[in-house]
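Hi,

Here is the structure I promised to send over. Have a look at it first, and then read on for what turned up.

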Amino acid sequence: RNPNYRDARAVRVPEVYWYPTQDQGAAARRFRAGELDTVLNVGADDLDWFRRNQPEALHMAPIPATYLLVFNVTRPPFDDARVRRALSLAVDREALTDRVLQTGARPTWTFVSPGIGGYKGLAVADAKRPLADRQAEARRLLAAAGFGPDRPLAVPLLYDTTEENRKIMVAIAAMWQAVGVQASPTNSEFVAVLRAFRARDYAVARSQTFALYDDAYAFLQQYTGTSASNWAGWSDPGYDAAVLSANATLDPKARRAGLAVAEERLLAAQPVIPLFQYQGKVLVAPRVRGWWDGAIGTPPSRFLWLAD
């Protein structure tokens, strides 16, 4: 509680302790033991237990956030759009969400979360193609880029350490192997991955984009040429112009249409591979009061309190 806050007397929790951890299982165990009041991301291995034993504590709802892979387009051969598209085509997104995760996450081929700010989302033709057809196209693109059985593409795949991420990366490596690509998943601490992004000292890496406000622009501005969080190093003046023009459009419908044009351009260049839209999986102890399941983020602790 900050005594200088304008409404300090209404703040009912004097202190909040946050415990960052990459071990989701350990966080769930601490919650079950009563040591934690909230856990902001439940691991897939613990979901069934909470569904059966503490369903009142489990809060699940779609959130506007996209799990994705990012290419360092300044590093060959990932500066070649054919290579990037081939790797995207080879990923079986439904297998990731339905068999690997089993958390209610929604497979996606688009970057922007559908529905955010009234944005309908794009229809991507590749999403309806059979996997075998996509794999054949991926092999053709790789061959055109100079890769094949005699010269397989090697992909260093960087991800931050969680059990969920490990399962996803192992599955993706197997999917790429099916089209002749040799992936090498490597895990590291989140801070180290962030440093690699900033220094562009990586080839392909796991990332995510969370919308901080209810608008498609919250996603699309990230990959403009001047964005500090454009980890890919991708730059397209046409994309930048489309994003800025749409954002300056006053008519909401025309604005959303302009943002869709920008997203189509981003997906055609494929500096990122969208994989799935997040499903919120939060644990909230019964003694926590004032909680609500918002579309973006968690309730500020200023509005929460603990029952006696």
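What is the volume of the second largest pocket? About 210 Å³. Please keep in mind that this is a predicted model.

Here is who sits around that pocket. Its lining is made up of Arg85, Ser88, Arg93, Trp109, Leu122, Ala123, Val124, Asp126, Glu264, Leu267, Ala268 and Gln270. Two elements, α3 (81-89) and α10 (252-269), each give two or more residues to this lining. The top contributor is α10, with three residues. If you sort the lining of the second largest pocket by class, you get six nonpolar, four charged and two polar residues.

Searching the whole structure turns up one cavity of 30 Å³ or more, and the space inside the largest cavity comes to about 30 Å³. Around the largest cavity you will find Leu101, Thr103, Ala105, Glu164, Phe276, Tyr278, Gln279 and Lys281. Strand β7 (residues 272-284) gives the most to that lining, with four residues. By class, the lining of the largest cavity has four nonpolar residues, plus two polar and two charged ones.

Next, helix α9 (residues 237-247). Its buried residues are Tyr239, Asp240, Ala242, Val243 and Ala246. Why do they count as being on the same side of α9? Because the arc they cover around the axis is only 165°. The other side of α9 has Pro237 and Leu244, which are exposed. What do the buried residues of α9 pack against? Their partners are α8 and α10. There is also a cap on the N-terminal end of α9, provided by Asp236: one of its side-chain oxygens lies 3.0 Å from the backbone nitrogen of Gly238.

Is Asp215 buried or exposed? Its relative accessible area is 17%, and the cut-off for buried is under 20%, so Asp215 counts as buried. The side chain of Asp215 makes a polar contact with the side chain of Arg255, at 2.7 Å. Leaving aside residues up to four places away in sequence, Asp215 touches Ile116, Gly117, Arg255 and Leu259.

Cheers

Notes:
Residues numbered from 1 in each chain as written. Predicted model: local features only at pLDDT ≥ 70, side-chain atom pairs only at ≥ 80, totals over all residues. Heavy atoms only, no water. 1 Å grid on protein atoms, 1.4 Å probe; cavity = no way out; pocket = protein on both sides within 12 Å on 5 of 7 lines; lining within 4 Å. Points joined across faces, edges and corners; volume = space filled by probe spheres on them. Nonpolar A, V, L, I, M, F, W, Y, C, P; charged D, E, K, R; others polar. Buried < 20%, exposed > 50% of the residue type's maximum accessible area, 1.4 Å probe, protein only. Polar contact = N/O pair within 3.5 Å; in protein donor to acceptor, adjacent residues only side chain to side chain. Contact = heavy atoms within 4.5 Å. Arc of directions from axis to C-beta.
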